[in-house]
Amino acid sequence: MVGRGTRLYPGKTELLLLDFVWHTERHELCHPAHLIAENEEIAQAMTKQIEAAGVPLDLEAVEKQAGEDVIAQRDEAT
């Protein structure tokens, strides 16, 4: 059903994804970040940021920040 929510439609600007039975906590399921992230590493960084915030965030802004954070971590490791 997440796929239906992520389909583009004129005038549609948001998607509210509710997980009432906590499947995303109990299983290795696709988190919203996995739908737009360039790779798994960025998706994981995005998911951590989203969970830490505890409030709705703009996924595109989170993706940008997570990508920058991942690059910075790689640079520090080398």
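## Salt bridges

Glu68 and Lys64 form a salt bridge, with their closest N and O atoms 4.0 Å apart. The term covers a side-chain nitrogen of Lys or Arg within 4 Å of a carboxyl oxygen of Asp or Glu. Because they sit four residues apart in helix α5, Glu68 and Lys64 are separated by about one helical turn. Lys64 is exposed at 59% relative accessible area. Glu68 is partly exposed at 40%. Here buried means under 20% relative accessible area, exposed over 50%, and partly exposed in between (1.4 Å probe, protein chains only).

The structure holds two salt bridges. Another pairing joins the side chains of Glu41 and Arg74, at 2.5 Å from N to O. Side chains of opposite charge can pair when their charged atoms come close.

## Model and numbering

This is a predicted model; local features need pLDDT of at least 70, side-chain atom pairs count only at pLDDT 80 or more, and totals for chains, interfaces and linings use all residues. Residues are numbered from 1 along each chain as its sequence is written, and side-chain values use heavy atoms, with hydrogens and water left out.

## Overall architecture

The chain has five helices and zero strands. From the N terminus, the elements run α-α-α-α-α. Helices (H or I, at least four residues) and strands (E, at least two) are DSSP runs, numbered from the N terminus.

Of the 78 residues in the chain, 17% are buried. Among contacts with a separation of 6 or more, 31% involve residues 24 or more positions apart. A contact means heavy atoms within 4.5 Å.

## Nonpolar core

The largest nonpolar core has nine residues: Ala33, Ala37, Ile42, Ala43, Ala45, Met46, Val62, Ala66 and Val70. Helix α4 gives the most, with four residues. Such a core is a set of buried Ala, Val, Leu, Ile, Met, Phe, Trp, Tyr and Cys residues joined through side-chain atoms within 4.5 Å.

Met46 is one of the core residues. Leaving aside residues up to four places away in sequence, Met46 touches Ala33, Ile36, Ala37, Leu59, Val62, Glu63 and Ala66.

Ala45 is also in the core. The C-alpha atoms of Ala45 and Asp69 are separated by 8.0 Å, with the two residues 24 apart along the chain. Asp69 lies in helix α5. Asp69 is partly exposed, at 28% relative accessibility.

## Surface

The chain exposes about 6,600 Å², and carbon and sulfur atoms supply 57% of it. Accessible areas come from the Shrake-Rupley method with a 1.4 Å probe; for residues, only the protein chains shown count as cover.

Leu16, Leu18, Phe20 and Val21 make a nonpolar surface patch of about 490 Å². Patches are made of residues with over 30% relative accessible area and no salt bridge; like charges are joined within 9 Å, nonpolar side chains (Val, Leu, Ile, Met, Phe, Trp, Tyr) within 5 Å. Val21 lies in the loop between α1 (2-6) and α2 (23-26). With 44% relative accessibility, Val21 counts as partly exposed.
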